[in-house]
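Me: I would like to learn how to read a structure, one feature at a time. Could you take me through it slowly?

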Amino acid sequence: MATNDIKTRVNEFESTIGGITVHGKAHSLSAWFVLALRLMMGYAFLYSGWDKVTAAEPFSATGYLMNAVPAESPMVGVFHWMGSTPWFADFLSIAVPWGEVLIGLGLLVGALTRLAAFFGAFMMLMFYFGNWDVAHGIINGDFAYMLVFLAVAAFGAGRILGLDAIIEQYEIGGEVLVEKYPKLGYILG
C-alpha cells in the first residue's frame, strides 16, 4: 500500500446525539486555538479569583446575590434565597473566589481540565442568570464563556501541552491510569 493510500482520521471528530450524527475535520492549527482558549480562560479565572482572595476586604457574595441580580432573571428567587441564607452565602463567599483560583490553575497547567472546565461552565451559567440581560437577545458574554469552557472540556485541552497528557499515561501496576480507571477520562483531558 502506498503512503498516500493510508487514510487517517487525524483531526477528525464525530458525535451522535438523538440519532443525529455530526462529523467534522479540524484544521491543523486547531490545537493551538484550543490551547489558547484554555490558557485565556485559566488566566481570567485565576486573576479574578486571586483578586478576590487577596482583596483588603473579604469577598462577600451576599451583596451580589441580594442586590445585583435583575428582577427579570428567571432565577432571581433562587439568588435571593442563596443571599438570605447565612450558611449558603458564607459558603459561596469562600467557594466563588477559591473556585475561580482552582479552576484557573487547573486550566493553566492543564490538570483535571475537564473537571475545571465543567465547574467553570457551571459558574458561567450561574453568572448568566445572575447578570440576566436579554436586551440584545439571549446570548451574551457569560453564555459565550460557558460555551468556551465546554469546548475546552470537549476537545480534551489538557492533553495539549498540559499535565493531563502525563497523568493519563501514568502507570499503576503496569497498567496505564486511564485504562485501569476509565472514568478518569471524565475529569482529565
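**Contacts, cores and helix packing**

Reply: Let us begin with a single side chain in this predicted model: apart from neighbours within four places in sequence, Phe 45 is in contact with Glu 100, Val 101, Ile 103, Gly 104, Gly 120, Met 123, Met 124 and Phe 149.

Me: Which residues touch the most other members of the largest nonpolar core?

Reply: As a general idea, nonpolar side chains in soluble globular proteins tend to be buried together. Here the largest nonpolar core has 19 residues, and those touching the most other members are Phe 45, Ile 103, Leu 107, Phe 149 and Val 152. Two or more residues of this core come from each of α1, α4, α5 (113-130) and α6 (141-154). There is also a second, separate core of 13 residues, which includes Val 69, Met 75, Met 126 and Tyr 128.

Me: At what angle do the axes of α1 and α4 cross?

Reply: Two packed helices are described by the angle between their axes and the distance between the axes. For helix α1 (residues 30-53) and helix α4 (residues 86-109), the axes come within 7 Å and cross at roughly 150 degrees. Angles over 145 degrees count as roughly antiparallel, so α1 is roughly antiparallel to α4. The crossing of α1 past α4 is left-handed, and the residues of their contact divide into 16 nonpolar, four polar and three charged.

Me: Is Ile 167 buried or partly exposed?

Reply: Ile 167, which lies in helix α7 (residues 163-169), counts as partly exposed because its relative accessibility is 30%. Beyond residues up to four places away in sequence, Ile 167 touches Ala 111, Leu 177 and Leu 188.

Methods:
Residues numbered from 1 in each chain as written. Predicted model: local features only at pLDDT ≥ 70, side-chain atom pairs only at ≥ 80, totals over all residues. Heavy atoms only, no water. Axes fitted to C-alpha atoms, helices over the stretch in contact; angles between N-to-C directions. Helix = DSSP H or I, 4+ residues; strand = E, 2+ residues; numbered from the N terminus. Parallel < 35°, antiparallel > 145°, perpendicular 65-115°, else oblique. Left-handed = near helix turned anticlockwise from the far one by under 90°. Nonpolar A, V, L, I, M, F, W, Y, C, P; charged D, E, K, R; others polar. Buried < 20%, exposed > 50% of the residue type's maximum accessible area, 1.4 Å probe, protein only. Contact = heavy atoms within 4.5 Å. Core = buried A, V, L, I, M, F, W, Y, C linked by side-chain atoms within 4.5 Å.
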